[in-house]
Amino acid sequence: MPTLLLYKEIKALNRDEHKLLKLKVGGDSHFAAATHLVPLAGLEFFQAARSYPIVFVGEGDSVSPIALLGLEQGDNSYVQDDGRWHANAYVPAFIRRYPFVLAQGEDDGFTVCIDAGYSGWNEADGQALFKGDGSNSDYLNEMIQFMQGFTAEMQRTRDFVEALKALDLLVARTLKLTHASGESFVLRDFMAVDEERFLKLDDDQVLTLNRKGYLGWVYAHLMSLGNANQLFERYLVARQQAAATH
């Protein structure tokens, strides 16, 4: 799973070069309109499960959970025409951190980077990144704290995936979606927790998952799979609207 799939021109944030830089904030998510999936931290499962199918993708060490935002590559069913995220749908942390990102260095330290290609950067309006004396603005410090928390949770999520793999719970799945209109769509190339194997875990295995906080994540993931039908509905409505405008 590429961790930089939204980013076009990554640059390290420089206190001198970017001292006047400001960021327009206002809920514009056009940058994510062509992103049909994003990585998801386990801590987000409870909120994300109300809006999206949460599935697992990748191979070997690269397996990770994602929020499925669209049924076709290049299509995000949750970004509206005006660029706003669909009302009442949870916005994943991966989206909320943009256009910032932490880059890990060789010494395990992190460098704050930005997507210099984002259209919201300017020197006139928005949230300043630095104060007049060159120190971090409160806004920048808040973003750094948010990204540090997200990075830590993504590591915890990798540990969660390793625990699922060790218990042989992740299996390849294919899901056929059928609409009342008769249209159907087959969702392929993803993995999910096998419910039968999950129910056969012994007491000690279940207790270990629970103590690590993973048990609720598994249930949230399984519950979220029902959102695939909702996503299919969004897909069909968008396709009908596109056809009507041509």
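The model is predicted, so local features need pLDDT of at least 70 and side-chain atom pairs count only at pLDDT 80 or more, while totals for chains, interfaces and linings use all residues. Residues are numbered from 1 along each chain as its sequence is written, and side-chain values use heavy atoms, with hydrogens and water left out.

**The chain as a whole**

- The chain holds 7 helices and 11 strands; these are DSSP runs numbered from the N terminus, with helices being H or I of at least four residues and strands being E of at least two.
- Along the principal axes, the C-alpha atoms fill a box of roughly 60 × 55 × 25 Å.
- Of the 246 residues, 44% are buried, where buried means under 20% relative accessible area, exposed means over 50%, and partly exposed lies in between (1.4 Å probe, protein chains only).
- Among contacts (heavy atoms within 4.5 Å) between residues at least 6 apart in sequence, 72% join residues at least 24 apart.
- The chain exposes about 13,500 Å², with carbon and sulfur atoms supplying 48% of it; accessible areas come from the Shrake-Rupley method with a 1.4 Å probe, and for residues only the protein chains shown count as cover.

- On one hand, β5 pairs with strand β3 (residues 37–39) in the antiparallel sense over 3 bridges; two strands pair if DSSP finds at least two bridges between them.
- β4 and β5 form a hairpin with 6 residues between them, and G58 in the turn has a positive phi of about 105 degrees.

- L69 sits in the loop between β5 and α2, and it counts as buried because its relative accessibility is 0%.
- L69 and L37 are 32 residues apart in sequence, yet their C-alpha atoms are 5.2 Å apart in space.
- Leaving aside neighbours within four places in sequence, the contacts of L69 include T35, V38, Y52, W85 and L231.
- S77 is found in the loop between β5 and α2 (93–96), and it counts as buried because its relative accessibility is 16%.
- Not counting residues up to four places away in sequence, S77 touches L69, G70, L231, R234 and Y235.

- The 18 residues of α7 (residues 227–244) should span 26 Å at 1.5 Å a residue, and the end C-alpha atoms are 26 Å apart, which agrees; the expected span is 1.5 Å times one less than the number of residues.
- The buried residues of α7 are N227, A228, L231, F232, Y235 and L236.
- What covers these buried residues of α7 includes α1 (45–48), β5, β10 (170–178), β11 (184–193) and α6 (215–224).
- Helix α3 (residues 138–166) has 29 residues and reaches 42 Å from its first C-alpha to its last, close to the 42 Å expected.
- Just after α3, D168 takes a positive phi of about 55 degrees.
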